[in-house]
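I opened this entry to record what I looked up, fold first and packing after. The model and its sequence come next.

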Amino acid sequence: MSETGSLAAHFKANIVLYGALAANLGIAVAKFVAAGISGSSSMLTEGIHSLVDSGNQVLLLYGQKRADRKPDPTHPFGYGRELYFWAFVVAILIFAVGAGVSIYEGFVHIAEPHAIEDPALNYIVLGIAFVMEGASWFIAVREFDRGRGEQTWWQAIHRSKDPPGFIVLFEDSAALIGLMIAALGVWASTTFADPRLDGVASVLIGGVLAGVAGLLAREAKDLLIGEAADPVLIARLRGVLEGHAQIEAVNHIRTIHTSPQAIFVAVSADFADDLRMGDAETLIEDLERRMKALSPWITSIYIRPEKRGDAVVW
């Protein structure tokens, strides 16, 4: 593939991240300008939120590049799980920087309130931001929904092994909620002549970000520890093994994602006692070929002949 074709394929594969990055950079600049002119706390908080989101997209793109490195003697199963590390870092940044600064700024504004000088400017920027964030959110939803299948949204998020997809979905959803809270804060502080309400909006935005960060941290932690493949795939793998006359029992099938699109499979099976070594080798090769045909993501298979009574089954 030519360099131009490779770049086009890379952009297409990461359209969710690039779309979110472009939207957040533009929105962050507009929000900071509006905050500087109007003095709105919630607008400043939203600017910080968009800036953090931009940094997160850069980190995820960096993580994907690092994860794409080929296996070597030091990392024989590749570097795919490095993407999960950077996803965890993103969750920490959202909590520490996004939520932390938002809540701090809100309390500072409540303690030392000052009126918003130009609410109209804030409304214009928030409206533009809502359109841009909505476009990014639509792309994220479309791409995530494409691979969701028959699963519910929450099941798809919980079982997903591709952090960028659901992280951008969470970030954009939090951004849209934050924009609505910011708009409400600007309206309330000017309508009721109480600038502290703008600070309250900042605290609420920080609370939303903290909640999103907690969910992302939990999902990223599970991926870092190591999650099994989809239960449907595991059942199909078991079907290949149990359907063979020379296998008396399948003790266990254990799988782990070494990257979003790489699965390691370990099998313990009780083979027939009269099966000769040469025939067993041929059988294992055939089983591996049939198992790999079930999914292009299966990169390695280890099949261990083991008596049923000696196997650890759970």
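Predicted model: local features only at pLDDT ≥ 70, side-chain atom pairs only at ≥ 80, totals over all residues.

**Entry 1: α2 and α7**

I took helix α2 (residues 15–38) and helix α7 (residues 163–191). Their axes come within 10 Å and cross at roughly 30°. Angles under 35 degrees count as roughly parallel, and α2 and α7 are therefore roughly parallel to each other. I checked the hand next: α2 passes α7 in a left-handed crossing.

Which residues meet here, in α2 and in α7? On the α2 side I listed V16, L17, A20 and K31; on the α7 side, P164, V168 and L179. Sorted by class, this contact holds six nonpolar residues, no polar ones and one charged.

**Entry 2: α4 and α8**

I moved on to helix α4 (residues 82–111) and helix α8 (residues 196–225). They pack at an angle of about 165°, and their axes are 7 Å apart. That makes α4 roughly antiparallel to α8, since angles over 145 degrees are put in that class. The crossing of α4 and α8 is left-handed. I sorted this contact by class too: 21 nonpolar, eight polar and three charged residues.

**Entry 3: the sheet**

I then turned to the strands. Three of them form an open sheet, ordered β1-β2-β3, with mixed pairing. Which strands stand at the edges? They are β1 (247–259) and β3 (298–305); each has a single partner strand, so one side of each lacks a neighbour in the sheet. Neighbouring strands here are turned by 15° against each other on average, direction ignored.

Strand β2 (residues 262–271) and β3 run parallel, joined by seven bridges. I picked out S268, whose bridge partner in β3 is R304.

What packs on this sheet? I found helix α10 (residues 277–292), which touches β1, β2 and β3. The direction of α10 makes about 145° with that of β3.

**Entry 4: the whole chain**

Last, I stepped back. I counted 10 helices and three strands in the protein chain. From the N terminus on, the elements run α-α-α-α-α-α-α-α-α-β-β-α-β. The radius of gyration is 25 Å, well over the 20 Å that the globule rule gives for 314 residues, so the chain is more spread out than a compact globule. I also took the box along the principal axes: the C-alpha atoms fill roughly 90 × 45 × 35 Å.

Technical notes: Residues numbered from 1 in each chain as written. Heavy atoms only, no water. Axes fitted to C-alpha atoms, helices over the stretch in contact; angles between N-to-C directions. Helix = DSSP H or I, 4+ residues; strand = E, 2+ residues; numbered from the N terminus. Parallel < 35°, antiparallel > 145°, perpendicular 65-115°, else oblique. Left-handed = near helix turned anticlockwise from the far one by under 90°. Nonpolar A, V, L, I, M, F, W, Y, C, P; charged D, E, K, R; others polar. Pairing = 2+ DSSP bridges. Contact = heavy atoms within 4.5 Å. Rg over C-alpha atoms; globule rule 2.2 N^0.38 Å.
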